[in-house]
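Reader: Can you walk me through this one? I have the file open and would like the layout before the details.

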Amino acid sequence: EQESEDDIHSSRSSLDRQSHHRANTTMHVCWYRNTSVSMTDHSVAVENQLSGYLLRKFKNSNGWQKLWVVFTNFCLFFYKTHQDDFPLASLPLLGYTISCPVEADGIQKDYVFKLQFKSHVYFFRAESKYTFER
């Protein structure tokens, strides 16, 4: 079967888009972090999604940035508002641990949780107890 020039161009741009987002795929993160995900965990992850506003702590400052966050497929996607079509950034969570900040972290706010993978540390703050528990 012969391909037209338009078919070749459209499939090439489709592949370019796919490779651009490859770093966010579960398979890529599993390979990079030398881990695996069971089929059961993957099925549960696909069926469950959370979204809402969280505040992210800026490094080395007391400031917090309010972001719309979507948790799906083992990844957090960050948007400026819930109306945005494309995320500002993403954070694959495989290998991360979640905990409450300790006194040495110097965070004196309620409803804060800490995500950490090796030397990568992120602090997020919920606006309510309900959101924090979710």
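Predicted model: local features only at pLDDT ≥ 70, side-chain atom pairs only at ≥ 80, totals over all residues.

Reader: Fine. How many helices and strands are there in the protein?

Author: The protein has four helices and seven strands. Along the sequence the pattern is α-α-α-β-β-β-β-β-β-β-α.

Reader: What percentage of the residues is buried?

Author: Of the 134 residues, 28% are buried. The accessible surface is about 10200 Å², and carbon and sulfur atoms hold 51% of that.

Reader: Now the sheet. What is the strand order?

Author: β4-β3-β2-β1-β7-β6-β5, in an open sheet with antiparallel pairing. β4 (89-92) and β5 (97-99) are the edge strands; each has a single partner, so one side of each lacks a neighbour in the sheet. From one strand to the next the twist averages 35°.

Reader: How many bridges are there between β1 and β2?

Author: Eight, with β1 covering residues 50-57 and β2 residues 64-72, paired in the antiparallel sense. Leu54 has Leu67 in β2 as its bridge partner. The two strands form a hairpin with six residues between them, and Asn60 in the turn has a positive phi of about 50°.

Reader: And how many bridges does β1 make with β7?

Author: Two, again antiparallel, with β7 at residues 120-125. Leu55 stands opposite Arg125 in that strand.

Reader: Is Leu55 buried or exposed?

Author: Buried: its relative accessible area is 11%, and the cut-off for buried is under 20%. Leu55 belongs to β1. Beyond its neighbours within four places in sequence, Leu55 is in contact with Trp64, Gln65, Lys66, Phe123, Phe124, Arg125 and Glu127.

Reader: On to the core. Which residues have the most contacts inside the largest nonpolar core?

Author: Leu76, Phe78, Leu91 and Leu115, in a core of 13 residues. β2, β3 (75-79) and β6 each give two or more residues to this core. β6 gives the largest share, three residues. As a general point, nonpolar side chains in soluble globular proteins tend to be buried together.

Reader: What is Leu115 in contact with?

Author: Leaving aside neighbours within four places in sequence, the contacts of Leu115 include Leu76, Leu91, Tyr96, Ile98, Val121 and Phe124. Leu115 is also the bridge partner of Ile98. That bridge belongs to the pairing of β5 with β6 (residues 112-117), which is antiparallel over three bridges.

Reader: Switching to rings. How many aromatic pairs are there?

Author: Eight, counting rings whose centres lie within 6.5 Å. One of them is Tyr96 with Phe117, which is tilted: 5.6 Å centre to centre and 35° between the planes. Tyr96 sits in the loop between β4 and β5 and Phe117 in β6, 21 residues apart.

Reader: Are Tyr96 and Phe117 buried or exposed?

Author: Tyr96 counts as buried at 14% relative accessibility, and Phe117 counts as buried at 16%. Tyr96 also pairs with Tyr122: the ring centres are 6.2 Å apart and the planes are at 45°, so that pair is tilted too. Tyr122 lies in β7, 26 residues from Tyr96. Tyr122 is partly exposed, at 26% relative accessibility.

Reader: Which residues do the ring pairs link into a cluster?

Author: Phe78, Tyr96, Tyr111, Phe113, Phe117, Tyr122, Phe124 and Phe132.

Methods. Residues numbered from 1 in each chain as written. Heavy atoms only, no water. Buried < 20%, exposed > 50% of the residue type's maximum accessible area, 1.4 Å probe, protein only. Areas by Shrake-Rupley, 256 points an atom, 1.4 Å probe, with all protein chains shown as cover. Pairing = 2+ DSSP bridges. Axes fitted to C-alpha atoms, helices over the stretch in contact; angles between N-to-C directions. Contact = heavy atoms within 4.5 Å. Core = buried A, V, L, I, M, F, W, Y, C linked by side-chain atoms within 4.5 Å. Phe/Tyr/Trp six-rings, centres within 6.5 Å; stacked < 30°, edge-to-face > 60°.
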